[in-house]
Amino acid sequence: MYYQPTSVEEIKEVLALARQQNKRVKVVGGGHSPSDIACTDGFMIHMGKMNRVLQVDTEKKQVTVEAGILLADLHPQLDKHGLALSNLGAVSDVTAAGVIGSGTHNTGIKHGILATQVVALTLLTADGTILECSESSNAEVFQAARVHLGCLGVILTITLQCVPQFHLQETSFPSTLKEVLDNLDSHLKKSEYFRFLWFPHSENVSIIYQDHTNKPPSSSANWFWDYAIGFYLLEFLLWISTFLPGLVGWINRFFFWLLFTGKKENSNLSHKIFSYECRFKQHVQDWAIPREKTKEALLELKAMLEANPKVVAHYPVEVRFTRGDDILLSPCFQRDSCYMNIIMYRPYGKDVPRLDYWLAYETIMKKVGGRPHWAKAHNCTRKDFEKMYPAFPKFCAIREKLDPTGMFLNVYLEKVFY
Ligand SMILES: Cc1cc2nc3c(=O)[nH]c(=O)nc-3n(C[C@H](O)[C@H](O)[C@H](O)COP(=O)(O)OP(=O)(O)OC[C@H]3O[C@@H](n4cnc5c(N)ncnc54)[C@H](O)[C@@H]3O)c2cc1C
């Protein structure tokens, strides 16, 4: 059954029915998680109609929203009040509760994952109780519920700490893997939101700096290069490479030369620079590893590809950095982290073999102490998470107390908790 409630009372009725009929419940936001974390064969509650801004406190620079609000709808509301979120993921067609629930992140070593911007939330638990959670109220639940995986109950409202509205200048320029890995600390200091793209089967890197600016909006976007070449031609060549896998290395080098060898600059309101268009159907993995393991892990991935020419890897490997936090199941729990996102496109919807690449990557990530993104592909089970997360038992105890019958579990979460 599928429900789109418009009030807390309606959600309580669905939970009561689920208890009566012994059904499981899954709450979804945008439904954009690439893993099956938001899937169910039980009752599905879609929060799309609980999407209002409830309060804006301009003095504290805090906004309280209903959990189902899309970030894309929140940005213009914050603009009106001269406020902004300090960091965002690549897309804004996602909900406030969804992004925090899966541990969504961006980049910037002084910035945490998006859930670190939460200062309070309300949670409706399996038995119909509403808990107000913050550092000062139900603090233990708060520490768990900011990355909630959808398994603690229904998030009803969220209060987010904002910052004054700001503009960003994005500058991208070419470099090499050796240069960027040898000078990582310097890049991290130079740019507030530094990330880089590595082009597998080559030394090529595109560095992206994003920093506060007073410059007026400007854009280097160009339909011919961005779409005709960067999307249509690329998709066609990637499709050809499904018959001739040896072409992938050449494609990565050719497109770097075509599109990434010049310096590009864009500036605009922060949310317009943080978000970018993800045009391709794709498979992704994105693990967080200790920041100091970045060089070792990337060089090992490169060496693996060189030693196994039959394993092909699409560009880019996107490398981002995030500040450590104290959220129990945050992949950045208690350590500054580097996220290393690998990708395999599906040109015209066609799957490209990726098993060997996926397994080799996972092996390296585990070896260097990685933790997988909750919303993306991984093969981990409870045994792995027990090793990865020092606070795993604490989270499990909180979950079992709030949801003793496992009403909010699904197949994905059974692998995590059983
Ligand atoms: C094109 C694209 C780009 C992306 N870019 C990034 C990126 O840059 N960085 C990154 O880290 N991730 C990225 N992601 C992943 C994405 O941010 C997450 O999957 C995010 O959770 C999606 O939000 P959603 O609203 O669609 O959540 P959903 O997929 O709907 O749900 C995510 C989880 O939250 C739970 N949930 C949702 N709402 C509630 C609620 N009200 N109460 C209780 N539980 C709830 C669900 O049950 C589920 O467990 C990207 C995904 C896509 C498709």
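**The ligand shell and its setting**

Author: Helix α3 supplies the largest share of the shell around the ligand, four residues. Helices here are DSSP runs of H or I with at least four residues, strands are runs of E with at least two, and both are numbered from the N terminus. The model is a predicted one, in which local features need pLDDT of at least 70 and side-chain atom pairs count only at pLDDT 80 or more, while totals for chains, interfaces and linings use all residues. Residue numbers start from 1 along each chain as its sequence is written.

In total, 34 residues surround the ligand, a residue being near a molecule if its C-beta atom, placed from the backbone, lies within 6 Å of it. The closest are Gly29, Gly30, Gly98, Gly101 and Gly150. Two or more residues each come from β2 (25-28), α3 (96-101) and β9 (154-161). By type, the shell holds 17 nonpolar residues, 16 polar and one charged. In this division Ala, Val, Leu, Ile, Met, Phe, Trp, Tyr, Cys and Pro are nonpolar, Asp, Glu, Lys and Arg are charged, and the others, Gly among them, are polar.

Now the wider chain. An unreviewed UniProt entry annotates residues 1-165 as "domain: FAD-binding PCMH-type"; positions follow the numbering used here, feature names are shortened, and such annotations may be inferred rather than shown by experiment. That span is 22% helix and 27% strand, and its end C-alpha atoms lie 41 Å apart.

An automatic or database domain assignment sets the domain bounds, with domain 1 at 2-164 + 384-417 and domain 2 at 167-372. Their C-alpha centres are 28 Å apart. Where they touch, domain 1 gives 29 residues and domain 2 gives 28 residues, contact meaning C-beta atoms, placed from the backbone, within 7 Å. On the domain 1 side, α4 (139-145) and α13 (392-402) are the elements that give two or more residues. That side divides into 15 nonpolar, eleven polar and three charged residues.

Elsewhere, eight strands form an open antiparallel sheet in the order β14-β11-β13-β12-β16-β17-β15-β18; two strands pair if DSSP finds at least two bridges between them. β14 (264-269) and β18 (371-372) are the edges, each with a single partner strand, so one side of each has no neighbour in the sheet. Within the sheet, β16 (residues 317-322) and β17 (residues 337-345) pair in the antiparallel sense over five bridges, and Arg320 has Tyr339 in β17 as its bridge partner.

Key:
Two residues are in contact if their C-beta atoms, placed from the backbone, lie within 7 Å.
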